[in-house]
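User: I am new to this structure and would like to learn how to read its features. Please take me through them one at a time.

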Amino acid sequence: MNDALTPVIQIIEAEMESVTSSLWNTARELDGIPADDPAVELALYKLRSEIPLSVEIGRFDRNNTLISTTRYLDPWWVPGVTKSRLNYPVDVLEAAGSSCMVSDFYQYQDGDRGLMIITPVYDANGEYDGVLRLSYDIDSLFSGLTEYLKNEYGYTLWAMHTTSLMFYDENAAEIGKYLTDDPSFQTPELQNMVNTVLTNESGNISYHFYDTSRVEETQINAVWNTAFIGPEKEWRVVLTDNVPESAGTGGSNVSVEELKSFVENAYVYATKVGKTAALAAFNDPDGEYIDGELYIFAYDMNGTVLALPHQPDLIGENRWYLQDTTGIKYIQRTVARANLGGGFVMSLYENPANNFVSEMKLSYVMAIDDTWFIGSGIYLEDQPFSNTSYIDWQKREELVSQVRGMDYLTIIEGIPAVTDLINDPNSDLNGQGGLYPFAVSENGTILAYSMDPSLVGTNQLSMSNSYGMSIIREGISLSQEGGGLMYSKVWDPKTMQETYVLIYMEPADDSTYFGSMLVID
């Protein structure tokens with residue numbers, strides 16, 4: 001396992017060095033420039049396109065008030081109003097130099113989580129004039145590494161601070177726990193493991209652990225090392241061998257029509273008997289709403305688990321910010337789909353019938369009312385993922401960077417110039433790295449589409465794929481929520497068949513949305 005751990009530590013340290021260096025260099029470019037100067041916004045959008053795992057970037061003045069930002073849809077980041085909740089003394093910021101200050105695991109005001117990276121900015125006289133702050137998506141960094149490790153080496157990982165706070169685990173239910181205090185880690189064996197890892201920069205150990213996701217105890221063999229990611233910041237990165245292997249189930253025996261009918265019947269039942277009785281039935285592992293591989297799950301519209309019969313320990317947990325190993329916030333996508341009138345949505349999810357291997361799952365969801373929804377899913381027989389096939393995290397970052405680069409170019413040249421580049425088959429933007437950029441208006445009109453130029457100028461709001469998924473409608477919804485990743489299937493005019501794609505979309509302005517697609521082999 002050490003042979004796999006060494007490059008992972010190098011990747012983490014190199015990534016954090018690149019991020020902090022880019023932030024520090026941008027701060028130096030903005031020294032002497034007033035915080036409300038238009039050049040600041042331009043610099044922030046450029047930086048955001050260069051750091052695809054950044055969530056938002058802001059320029060704060062010396063009173064810790066947000067002046068300029070790359071996020072205009074987030075109600076928590078309001079220029080002239082928002083105050084920083086995380087502040088460092090000026091001498092501490094300056095002492096960090098180009099390394100910047102890196103926070104511990106941090107929960108943002110909107111409830112999302114990650115890191116905050118901060119560096120000072122100076123006025124024309126060289127006096128302290130505020131900071132640049134970058135919020136960083138640590139889940140996506142580690143989820144990409146997890147898929148790499150699982151598929152290339154057969155290992156997975158978790159990570160914690162030297163405070164014992166676990167800030168990444170493939171089982172998201174473990175994230176946010178202080179392992180020295182958490183009740184589930186209070187056995188002598190687990191406390192010995194935690195203390196050993198905390199007090200030694202590297203080593204190896206074996207221990208037993210009850211996995212709440214799989215509802216079973218397993219022996220885990222682990223090695224760990226330390227990533228140094230900022231001034232006095234250390235991460236213990238732990239590789240483990242408890243990785244499930246595919247049993248080769250070959251997908252679901254349930255048809256899409258049967259899946260839809262199963263959920264519709266549960267919907268009728270829930271509206272007839274009421275929420276309390278319906279949830280009791282859905283959570284009954286021996287009840288009528290367990291039918292082979294099919295079962296009913298239920299969530300409220302805030303992402304809290306109401307019914308999950310195979311994982312009862314998760315009832316009551318809020319899973320709003322959960323990501324699959326590609327970075328899809330799949331609970332948010334199912335909530336959005338339910339709010340759009342119900343329908344199909346795709347995500348990677350552990351398959352209990354296949355040793356809990358992550359596979360592409362097609363779910364059908366329906367809102368019972370405006371407070372909660374139900375759904376069920378099947379694992380796709382023709383899915384593009386397996387134990388040896390996954391989305392490379394670097395390609396995912398290229399996808400995000402391309403769309404953000406279009407946003408940056410829009411500030412300089414305007415939206416029509418960017419759509420012209422997408423539609424120009426000879427431009428650098430078209431065909432870049434196997435990516436397929438596009439642009440769509442708020443009413444569903446295709447403004448640019450590199451994969452199929454024949455659709456430009458047509459309205460595709462009602463266009464759906466073979467699973468009945470309205471790609472444009474869902475993409476617009478995703479953009480209006482601030483942007484992000486989603487899976488879908490689209491028609492490829494070159495192969496004359498549908499193909500799975502990973503899509504990233506964001507708003508270019510209030511009425512235009514940019515996106516790009518990566519074909520999943």
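User: Which hand does the crossing of α8 and α11 have?

Analyst: Some background comes first. Two packed helices are described by the angle between their axes and the distance between the axes. This is a predicted model, and in it the crossing of α8 and α11 is right-handed. Helix α8 covers residues 330-339 and helix α11 covers residues 471-480; their axes come within 11 Å and cross at roughly 115 degrees.

User: Which residues make the contact of α8 and α11?

Analyst: From α8 they are Arg-333, Ala-336 and Arg-337, and from α11 they are Glu-474, Ser-477 and Leu-478. Sorted by class, this contact of α8 with α11 has three charged, two nonpolar and one polar residues.

User: What can be said about the axes of α1 and α4?

Analyst: The axes of helix α1 (residues 2-30) and helix α4 (residues 138-152) come within 12 Å and cross at roughly 155 degrees. Angles over 145 degrees count as roughly antiparallel, and α1 and α4 are therefore roughly antiparallel to each other. The crossing in which α1 passes α4 is right-handed. On the α1 side the contact is made by Ala-4, Val-8, Ile-11, Ile-12 and Glu-15, and on the α4 side by Leu-141, Phe-142, Leu-145 and Leu-149. By class, the contact of α1 with α4 has eight nonpolar residues, one charged and no polar.

User: Now the sheets. In what order do the strands of the open sheet with β8 and β9 lie?

Analyst: A general point about strands: in a regular strand the side chains alternate between the two faces of the sheet. Here five strands form an open sheet in the order β8-β7-β11-β10-β9, with antiparallel pairing. The edge strands, each pairing on one side only, are β8 (166-169) and β9 (203-211). From one strand to the next the twist averages 30 degrees. Helix α1 packs on this sheet and touches β7 (156-161), β10 and β11 (233-240); the direction of α1 makes about 40 degrees with that of β10.

User: How many bridges join β9 to β10?

Analyst: Nine bridges join β9 to β10 (residues 216-230), and the two strands run antiparallel.

User: Is Gln-219 buried, partly exposed or exposed?

Analyst: Gln-219 has 43%, so Gln-219 is partly exposed. Leaving out residues up to four places away in sequence, Gln-219 touches Ser-206, Tyr-207, His-208 and Asp-241. The C-alpha atoms of Gln-219 and Val-237 are separated by 18 Å, and these residues are 18 residues apart along the chain.

User: What is the strand order in the open sheet that contains β15 and β16?

Analyst: That sheet has five strands in the order β15-β14-β18-β17-β16, and the pairing is antiparallel. Its edge strands are β15 (305-307) and β16, each of which pairs on one side only. The twist averages 35 degrees from one strand to the next. Nine bridges join β16 to β17 (residues 357-367), and the bridge partner of Glu-350 in β17 is Ser-358. Helix α8 lies across β14 (297-300), β16, β17 and β18 (372-379), running at about 155 degrees to β16.

User: What is the phi of Asn-64, and where does Asn-64 lie?

Analyst: Most residues other than glycine have a negative phi. Asn-64 has a positive phi of about 65 degrees although it is not a glycine. Asn-64 lies in the loop between β1 (54-60) and β2 (66-69). Met-496 also has a positive phi, near 60 degrees, and its place is in the loop between β21 (484-492) and β22 (497-507). Met-496 is exposed, with a relative accessible area of 55%.

Conventions: Residues are numbered from 1 along each chain as its sequence is written. This is a predicted model: local features need pLDDT of at least 70, side-chain atom pairs count only at pLDDT 80 or more; totals for chains, interfaces and linings use all residues. Side-chain values use heavy atoms; hydrogens and water are left out. Axes are lines fitted to C-alpha atoms, for helices over the stretch in contact, and angles run from 0 to 180 degrees between N-to-C directions. Helices (H or I, at least four residues) and strands (E, at least two) are DSSP runs, numbered from the N terminus. Angles under 35 degrees count as roughly parallel, over 145 as roughly antiparallel, 65 to 115 as roughly perpendicular and the rest as oblique. A crossing is left-handed if the near helix is turned anticlockwise from the far one by less than a right angle, and right-handed if clockwise. Contact means heavy atoms within 4.5 Å. Ala, Val, Leu, Ile, Met, Phe, Trp, Tyr, Cys and Pro count as nonpolar, Asp, Glu, Lys and Arg as charged, and the others, Gly among them, as polar. Two strands pair if DSSP finds at least two bridges between them. Buried means under 20% relative accessible area, exposed over 50%, partly exposed in between (1.4 Å probe, protein chains only).
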